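Please read this briefing with the sequence and the 3D structure open. It goes through the chains, their contact and a few selected parts.

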Amino acid sequence: MKCQQVCEHLSAYIDGALAEPLRRAVEEHVNACPRCAAELEGLRRTVKLVASLQKAEPPVTFSRDLRAALRARARRGARGAGAFRTGLGGLRWAPVAAIAIVAVLVGVGLNSMVGTSLKSPAAGPPGVLAEYGREAGRSGEPAAAGGASDSKLAAAPTQPDSSQGGGALAPTVPPLPGEYPATGGLPAYITHKVIKNGDLAVRVADVQDAYRRVAFVVDGAQGYVEQSSVWTGEEPVPVEKMNEAAVKTAMLVVRVPGGAFTRVMDEIGKLGRVVRRSESGQDVTQEYVDTDSRVRNLQRQEARLLEIMSKAATVDEILRVENELSRVRGDIEMLQGRLRYLDSLVAMSTIQVSLEQEQGVPPLPGGGHLGERMWRAFLLTGRAIANFFYALAVFLAGSVPVLVVLAIVAGLVWWGVRARRRRA
Amino acid sequence: MGVDLPEDALVARSRDGDLEAFTGLVEAYQSRIYNLAFRLVGNREDAGDMAQEVFIRAFMALKGFKGRASFSTWLHRVAANVCLDELRRRRRQPVTSLDATYRTSDGDDLARQVADPAPGPEELAEREEVQRAVQLGIRSLTPAHRLVVVLRDIQGLTYQEMSQALGVSVGTVKSRLNRARESLRHTFAGRELLGRAAVCSGEGGEKA
């Protein structure tokens with residue numbers, strides 16, 4: 001073993017993380033080579049120094065501050081955040097959608113121009129996207145419309161908010177009864193609330209390509225990408241710079257309408273080899289009903305307090321009631337935020353997708369399974385042959401006038417030669 | 001309520017949005033996460049902000065936590081993402097060095113005077129000197145290297161846990177950690193913190 005190789009393993013050796021034959025090889029080398037022994041000692045001391053750093057303790061107010069921040073964010077988060085994020089998500093993928101549409105058009109145009117009867121799943125480089133354009137189209141949801149309907153969806157939960165802005169004195173309005181169909185056993189406006197979560201890990205040949213496809217599928221289903229990060233293996237890279245680096249891993253958290261959940265899971269699964277897939281449903285009806293009735297109780301309390309307030313005589317009384325009132329309102333707001341949050345979770349199910357580079361297999365253009373690739377290659381070659389004959393036919397047809405001229409010239413020459421011979 | 005429940009119960013409740021239960025988790029992990037942030041950014045104020053951000057994001061993302069890794073590892077993953085984001089953002093707007101001079105409005109250059117947090121007896125001062133040097137050494141690493149060193153040697157995560165927390169393979173963790181420690185060793189050797197230590201140059205003789 002060379003020193004350099006040994007050097008690469010010294011760190012793991014210190015941690016006892018080397019598998020047996022390697023560990024012994026390193027040990028033997030270090031015992032025999034004073035240089036590497038010194039190196040090892042230096043590393044050991046380095047590790048020790050780092051580990052000797054004193055623990056820094058958080059400020060005593062840490063968890064209190066955190067709670068306050070979380071409360072504030074829960075209130076804020078239930079309002080505009082969803083719409084904002086969705087709006088951005090829709091915009092970010094708009095160019096991809098546009099390219100896909102153009103690609104579809106070009107693909108269709110090319111196909112009809114060439115006029116071959118062969119059907120191919122991918123029509124060359126632009127066809128890769130075109131394929132997805134077609135898939136999105138098939139699901140009956142044109143990609144371009146995604147942005148608009150997204151914002152509609154996201155705007156819905158924010159509506160009740162307008163009633164409680166500015167500390168208006170009127171009690172907060174309960175949810176509109178007409179919004180939900182009636183169900184037995186539950187208050188008329190509450191249906192069963194089930195949150196669907198999915199988790200999918202897929203090994204793919206080309207992570208970057210798969211990443212775009214996932215985004216496309218999600219967009220097609222009128223969902224959005226809530227969170228994403230891509231890694232080159234060394235460091236995370238910003239999504240915008242994805243093209244410049246060889247991406248090895250990508251993680252996405254996507255939200256799709258409950259109805260599209262299974263279809264989206266299936267489509268993402270088709271991008272490569274699924275190594276993990278799980279789905280779970282969490283029934284939050286009980287919590288929803290509880291929270292809802294707590295809100296109603298508090299609202300009654302609020303109304304009572306307002307009544308008392310109107311009868312209060314002294315400043316002290318008014319202040320006390322005011323205090324109580326603001327506490328009750330704070331609670332109402334928090335619980336309503338929770339209800340909206342639950343609603344949004346139910347309306348949009350969450351899928352966590354992780355894409356990993358398939359190891360050992362070099363990324364092949366187009367992706368897909370072996371059979372699919374063979375079939376595609378077969379079709380491509382077949383089409384190439386068909387194209388050749390097609391081109392040959394066109395060439396021949398185009399050559400006919402030239403051939404005619406040539407034949408006439410040849411005929412004249414031949415006739416002239418024969419005439420001269422006869423004379424001679 | 002609920003704060004002295006076992007961890008998985010706290011996690012389950014927090015996932016349902018129970019702030020009380022989540023506070024229990026925060027209290028259990030705040031030291032570790034704060035310490036991690038502190039060693040990564042090097043000052044208390046930013047460390048506090050960053051640790052807060054870690055817990056806020058964890059609370060928001062908890063529904064995505066499926067219990068494949070331990071909660072601690074998962075939390076470290078969130079922390080790693082938050083810290084890396086922050087460190088990357090910061091690289092674009094570098095922190096003022098304490099060694100740089102401070103230019104007053106009159107155009108005079110003043111040396112910065114930094115308050116020494118705990119001036120004590122001699123050996124304590126010396127130990128503090130070493131601590132500061134070590135911290136500076138860590139901060140001289142790239143964000144990714146800093147992270148592996150802190151996760152391993154300060155937070156004490158195993159290679160497996162680090163691989164989960166960083167979303168990379170164990171092999172990558174190993175080689176990254178090796179490189180990080182190697183460059184740290186060079187820095188420390190330059191500051192004469194290691195005593196006598198030779199360099200393994202790699203072009204050395206071949207041994208069986």
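**Overview**

In chain B, 38% of the 208 residues are buried (a residue is buried if 20 or more other C-beta atoms lie within 10 Å of its own, exposed if 12 or fewer, and partly exposed in between, with C-beta atoms placed from the backbone). This is a predicted model, in which local features need pLDDT of at least 70 and side-chain atom pairs count only at pLDDT 80 or more, while totals for chains, interfaces and linings use all residues. Residues are numbered from 1 along each chain as its sequence is written, and chains are lettered from A and ligands numbered from 1 in the order in which they are written.

**The two chains**

- Chain B has eight helices and two strands; helices (H or I, at least four residues) and strands (E, at least two) are DSSP runs, numbered from the N terminus.
- Along the sequence of chain B, the order of these elements is α-α-α-α-β-β-α-α-α-α.
- Among the contacts in chain B with a separation of 6 or more, 53% are between residues 24 or more positions apart (two residues are in contact if their C-beta atoms, placed from the backbone, lie within 7 Å).
- Chain A contains twelve helices and six strands.
- Of its 424 residues, 28% count as buried in chain A.
- For chain A, residues 24 or more positions apart make up 78% of the contacts with a separation of 6 or more.

**Where the chains meet**

- Chain A brings 55 residues to the contact and chain B brings 54 residues.
- On the side of chain A that touches chain B, the elements giving two or more residues include helix H1 (3-14), helix H2 (20-32), helix H3 (34-51) and helix H4 (62-92) of chain A.
- Strands E1 (194-204), E2 (224-231), E4 (249-257) and E6 (348-357) of chain A are also among the elements that give two or more residues to that side.
- H3(A) gives the most to this side, with 13 residues.
- The residues on this side of chain A are 26 nonpolar, 13 polar and 16 charged; Ala, Val, Leu, Ile, Met, Phe, Trp, Tyr, Cys and Pro count as nonpolar, Asp, Glu, Lys and Arg as charged, and the others, Gly among them, as polar.

**H1 of chain A against H8 of chain B**

- Two packed helices are described by the angle between their axes and the distance between the axes.
- H1(A) and helix H8 (residues 170-190) of chain B pack at an angle of about 100 degrees, and their axes are 9 Å apart; axes are lines fitted to C-alpha atoms, for helices over the stretch in contact, and angles run from 0 to 180 degrees between N-to-C directions.
- H1(A) is therefore roughly perpendicular to H8(B) (angles under 35 degrees count as roughly parallel, over 145 as roughly antiparallel, 65 to 115 as roughly perpendicular and the rest as oblique).
- From H1(A), Glu8(A), Ser11(A) and Ala12(A) meet Lys174(B), Leu177(B), Asn178(B) and Arg181(B) in H8(B).
- The residues of this contact comprise two nonpolar, two polar and three charged.
- Lys174(B) is also in contact with Ala17(A), which lies in the loop between H1 and H2 of chain A.
- Ala17(A) is partly exposed because 18 other C-beta atoms are within 10 Å.

**Nonpolar cores**

- The largest nonpolar core has 99 residues, of which Val218(A), Val264(A) and Ala37(B) touch the most other members; such a core is a set of buried Ala, Val, Leu, Ile, Met, Phe, Trp, Tyr and Cys residues joined through C-beta atoms within 7 Å.
- Helix H2 (residues 19-41) of chain B supplies the largest share of this core, twelve residues.
- A second, separate core of five residues includes Val284(A), Tyr288(A), Leu342(A) and Leu345(A).

**H8 of chain A and the residue after it**

- Eleven of the 14 residues of H8(A) are buried, so the helix is largely enclosed by the rest of the structure.
- Among those buried residues are Tyr211(A), Arg213(A), Phe216(A) and Asp219(A).
- Gln222(A) is in the loop between H8 and E2 of chain A.
- Gln222(A) is not a glycine, yet its phi is positive, about 60 degrees.
- Gln222(A) counts as buried because it has 24 C-beta neighbours inside 10 Å.

Methods: Lists of a residue's contacts leave out its neighbours within four places in sequence.
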